[in-house]
Amino acid sequence: MFDGYDSCSEDTSSSSSSDESEEEVSPLPSSLPIIKNNGQVYTYPDGKSGMATCEMCGMVGVRDAFYSKTKRFCSVSCSRSYSSNSKKASILARLQGKPPTKKAKVLQKQPLVAKLAAYAQYQATLQNQAKTKAAVPVEGFSWGSYINSNSFTAAPVTCFKHAPMGTCWGDISEGVRVEVPNTDCSLPTKVFWIAGIVKLAGYNALLRYEGFENDSNLDFWCNVCGSDIHPVGWCATSGKPLVPPRTIQHKYTNWKAFLVKRLTGAKTLPPDFSQKVSESMQYPFRTSMRVEVVDKTHLCRTRVAVVENVIGGRLRLVYEESEDKTDDFWCHMYSPLIHHIGWSRSIGHRFKRSDITKKQDGHFDAPSHLFLKVKEVDTAGEWFKEGMKLEAIDPLNLSAICVATIRKVLADGYLMIGIDGSEAADGSDWFCYHATSPSIFPVGFCEINMIELTPPRGYTKLPFKWFDYLRETDSIAAPVKLFNKEVPNHGFHVGMKLEAVDLMEPRLVCVATVTRIIHRLLRIHFDGWEDEYDQWVDCESPDLYPVGWCQLTGYQLQPPAPQSSRDNQSSSSKQKKKSKSQQYKGHKKMTSLQLKEELLDGEEYSFLQGASDQESNGSASYYIKQEP
């Protein structure tokens, strides 16, 4: 509503409204709007006067707070501008919800137009709110309490470019003022008050009502992108009263003067913040779209699946042959595991043909431009070859980086990778990685970064040495220069909290912590679970989200495992050992009502904590020199 502020206070002798209006831009500004000193924006009910509409700008507010004895205008500026003669400019200003400039003039009173303009603006505000999905609380778990009781920090929203507002968060930080519902009030109607951000944790903000100073008794957590949080000035434009909390209502005799003094020069949310939130939560994928996705029972091939649900950009895909729609797979729309129809044929990837020869009614192929674009590579010169050795994250045990081999070179830079020592005879567990994938590494990566490399199963010559292994297998290492060495300035730090998908059970989004950072590689620990469930994930993975993402999108968040479950999982991991499954499910964590259903190998891999943990975002010494 900052187009509704001008630079003059009520006791100013002349109008000084700005002649220029701010233009709308796509991203939020890097610098948040500054609240100007203008008493007209603060309203409060006195129980007697009722509401009034400014006959100049159309602003709706409490009558007692309006200017002059007649209460016809919200400020000196509007009163003086009303006496001039530019009807067109005035009506235009009202319809845009903006105050008139010094040049704006009217020929006669226009109270009806003013009311219509205010009503139109109010309806537009309600529409924007309706587009923003209401925040959904997670039963039994509170991020606010969890963070407060343990003094945790959360990864900022700007770390997650794929998440809502990830690219246009601006400089929302501690000290920003907002208007929120006043819960410390006995009035029968919903009223609001101004609060300041005390602490940020992802989308969530710890707020303190203005007037409480250092008293934190009524501090509360709120999702910044929720429908109940607004820029300062929203109440004035929407005709909503500002009422001080009951606990401090007698602290000041002139709350209006207090607010003007406290808020002048402070920052607030941009006026189009709710609109930007709504726009960032629009997803191009639709139900009934057909895609190609990895076959979770045979990783070496893809199958056709149909989009059944879209929640926060995450897709529930049902394999086309599943009649009861229970054979499904969850992934983000930017996941490297999904592709447009025809992708497998175009690059030479294995594909399971569907028994359904004809598209079902209503199903249609998803357009190719909706899918993640991979970086183009030059395969004309020196390139990957079958049989070359490398290191790769095991897709069936994401806590381990293993010795691996290139089994097949596909088109467009794609490679089929096999994990040495555990491959199926028919190659059904080969996995497709692109050459630029951050999940494959050159020989020596683990050694130089002090990560324990998982040797081939059954390999007895320990400790594992690449030089000896290459000689014994009569193979060569893939050239270092062919790997992706880009390290973005991701902003993550060890100890930061976030919400992360359990990629071994990808329908689950869990409370998680960053425990190690190796350049662009993050080790994600699921709170309440043993380290064997940790997963190596890229810093730009679409399966990582800010704190509060589940609440914002309505997705179910899995809280940390309770102590009783930890004891069960500990005893189970010692007693129950299974061979690695070929299904794209490994360590399963229990949900709120379930214990984990299966385990992968019982082997535990310890990771050396050394100086190689790169908490900075620089590339540092990324690779070790290869021995001849």
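**The whole chain**

Start zoomed out: the chain has 12 helices and 26 strands, where helices are DSSP runs of H or I with at least four residues, strands are DSSP runs of E with at least two, and both are numbered from the N terminus. The model is predicted, so to speak of a local feature takes pLDDT of at least 70 and to count a side-chain atom pair takes pLDDT 80 or more, while totals for chains, interfaces and linings use all residues. Residues are numbered from 1 along each chain as its sequence is written, and side-chain values use heavy atoms, with hydrogens and water left out.

Colour by burial next: 54% of the 628 residues count as buried, that is, under 20% relative accessible area, with exposed meaning over 50% and partly exposed in between (1.4 Å probe, protein chains only).

Select 143-150, which is helix α4. Which of its residues are buried? Trp 143, Gly 144, Tyr 146 and Ile 147 are. Look down the axis of α4 and these buried residues fall within an arc of 165°, so they line one face of the helix; the arc is that of the directions from the helix axis to the C-beta atoms. Among the elements covering them are β5 (192-201), β6 (204-209) and β22 (509-518). Just past the end of α4, Ser 151 takes a positive phi of about 55°.

Now bring up the open sheet of five strands, ordered β7-β6-β5-β4-β8 with antiparallel pairing; strands pair if DSSP finds at least two bridges between them. At its edges stand β7 and β8 (230-231), each with a single partner strand, so one side of each has no neighbour in the sheet. Four bridges join β6 to β7, and Ala 205 stands opposite Cys 222 in β7. Helix α4 lies across β5, β6 and β7, running at about 130° to β7. Angles run from 0 to 180 degrees between N-to-C directions, with axes fitted as lines to C-alpha atoms, for helices over the stretch in contact.

While you're here, click Asn 204 in β6. Is Asn 204 buried or exposed? Its relative accessibility is 6%, so Asn 204 counts as buried. Leaving aside residues up to four places away in sequence, its contacts include Trp 143, Trp 221, Cys 222 and Gln 551.

**Stop two: β9, β10 and their partners**

Select 289-295 and 298-311: these are β9 and β10, antiparallel and joined by six bridges. They form a hairpin with two residues between them, and Val 294 stands opposite Thr 302 in β10. Thr 302 also has a bridge partner in β14, Phe 351; β10 and β14 (residues 350-351) run parallel, joined by two bridges.

Carry on to 314-319, strand β11, which pairs with β10 in the antiparallel sense over six bridges. Asn 309 has Arg 316 as its bridge partner there. In the hairpin of β10 and β11, Gly 312 takes a positive phi near 60°.

**Stop three: the core**

Show side chains for Phe 285 and Ile 524: of the 139 residues in the largest nonpolar core, these two touch the most other members. A nonpolar core is a set of buried Ala, Val, Leu, Ile, Met, Phe, Trp, Tyr and Cys residues joined through side-chain atoms within 4.5 Å. Around Phe 285, residues in contact include Val 291, Val 307, Leu 315 and Phe 371. A second, separate core of eight residues includes Trp 343, Leu 410, Tyr 414 and Met 416.

**Last stop: another five-strand sheet**

Finish on the open sheet with the order β19-β18-β17-β16-β20, again with antiparallel pairing. Its edges are β19 (431-434) and β20 (440-441), each with a single partner strand, so one side of each is left without a neighbour in the sheet. Two bridges join β16 (residues 389-394) to β20, and Ala 392 has Ile 440 as its partner. Helix α10 (residues 466-473) packs on this sheet, touching β16 and β17 (397-409), at about 110° to the direction of β16.

Key
Contact means heavy atoms within 4.5 Å.
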